Amino acid sequence: MTDFEKILNSGKLYRVQDGSDSDPRYQEYLQQMETYNQLGYTKAAEQKKQQILKQLFAEVGDKAYIQAPYYAMWGGHHVHLGEKVYVNFNCTFVDDAQIYIGDGTMIAPNVTIIAASHPVSPTLRAEGYGCNRPVHIGKNVWLAANVTVLQGVHVGDNSIIGAGSLVTKDIPTNVIAMGTPAKVVRKITADDETYYDHGRLISENKV
């Protein structure tokens, strides 16, 4: 990390500036994102998308994929994608700080992951101060449609965040959480390997 990137991830107050002031490639990141979002679904276009992701994002695991369009403050330059991560349409990454997404995680349409914030103080906001904290999404997590995850949050492995939820605090592993703010409603248990969709037997409904 550069010295400025260390500040971005520290949680300390700093004066927000245009990205190009701190990284000469900032505009290039945004241009690459724009190119990605305009590509179609031909075989050549899909190959080009994978090239862009690997050049642009901090990390891209094998078979990770993002449906276009997506949006990111730094184009995704501070986003880490694990293996087999799937990101559906209209995801927004406020990636002023690092965003980590674990292997096998699924992100539904219109999800927003925010690693940046501003102080409550009107004086500090008027002076242009911000503060960021990295976001960590675990392995095999499902963020359902229209979920928003705020700065500094950790979501544990295998957990599910219900549609429309606002995640303001850490969520443990192996639970279902939902609401505004999101709260744990139950654990994921052995019964979930037998039943799905409100009591339907998995064994009788697999095709």
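1. The largest pocket is lined by Trp-142, Ile-160, Gly-162, Ile-176, Met-178, Arg-186, Ile-188, Thr-189, Ala-190, Asp-192 and Glu-193. The model is a predicted one, and this applies to every point that follows.

2. The space in the largest pocket comes to about 290 Å³. By class, its lining holds six nonpolar, two polar and three charged residues.

3. For the second largest pocket, the volume is about 230 Å³. Its lining consists of 17 residues. Those that lie nearest the centre of this pocket are Tyr-14, Val-16, Gln-17, Met-73 and Asp-96. Helix H1 (3-8), helix H2 (19-22) and strand E11 (116-117) are the elements that each give two or more residues to the lining. Sorted by class, the lining of the second largest pocket has nine nonpolar, six polar and two charged residues.

4. Which residues does the cis peptide bond with omega of about 5 degrees join? The two are Ala-68 and Pro-69. Pro-69 sits in the loop that runs between strand E3 (65-66) and strand E4 (70-72).

5. Another cis peptide bond leads from Thr-180 to Pro-181, and its omega is near 0 degrees. Pro-181 is in the loop between strand E19 (175-178) and strand E20 (183-187).

6. Lys-84 is not a glycine, yet its phi is positive, at about 60 degrees. The residue belongs to the loop between strand E5 (79-81) and strand E6 (86-87). Is Lys-84 buried or exposed? Its relative accessible area is 54%; the cut-off for exposed is over 50%, so Lys-84 counts as exposed.

7. His-198 also has a positive phi without being a glycine, here about 65 degrees. Where is His-198 found? Its place is the loop between strand E21 (195-196) and strand E22 (200-201). With a relative accessibility of 84%, His-198 is exposed, because exposed means over 50%.

8. A reader checking the backbone may want to look at these places together: the cis bond between Ala-68 and Pro-69, the cis bond from Thr-180 to Pro-181, and the positive phi values of Lys-84 and His-198. Pro-69, Pro-181, Lys-84 and His-198 each lie in a loop between two strands.

Definitions and conventions. Residues are numbered from 1 along each chain as its sequence is written. This is a predicted model: local features need pLDDT of at least 70, side-chain atom pairs count only at pLDDT 80 or more; totals for chains, interfaces and linings use all residues. Side-chain values use heavy atoms; hydrogens and water are left out. On a 1 Å grid over the protein atoms alone, a cavity is a set of points where a 1.4 Å probe fits but cannot get out, and a pocket is an open set with protein on both sides within 12 Å along at least five of seven lines; lining residues have an atom within 4 Å of a point. Grid points are joined across faces, edges and corners, and a volume is the space filled by probe spheres set on the points. Ala, Val, Leu, Ile, Met, Phe, Trp, Tyr, Cys and Pro count as nonpolar, Asp, Glu, Lys and Arg as charged, and the others, Gly among them, as polar. Helices (H or I, at least four residues) and strands (E, at least two) are DSSP runs, numbered from the N terminus. Buried means under 20% relative accessible area, exposed over 50%, partly exposed in between (1.4 Å probe, protein chains only).
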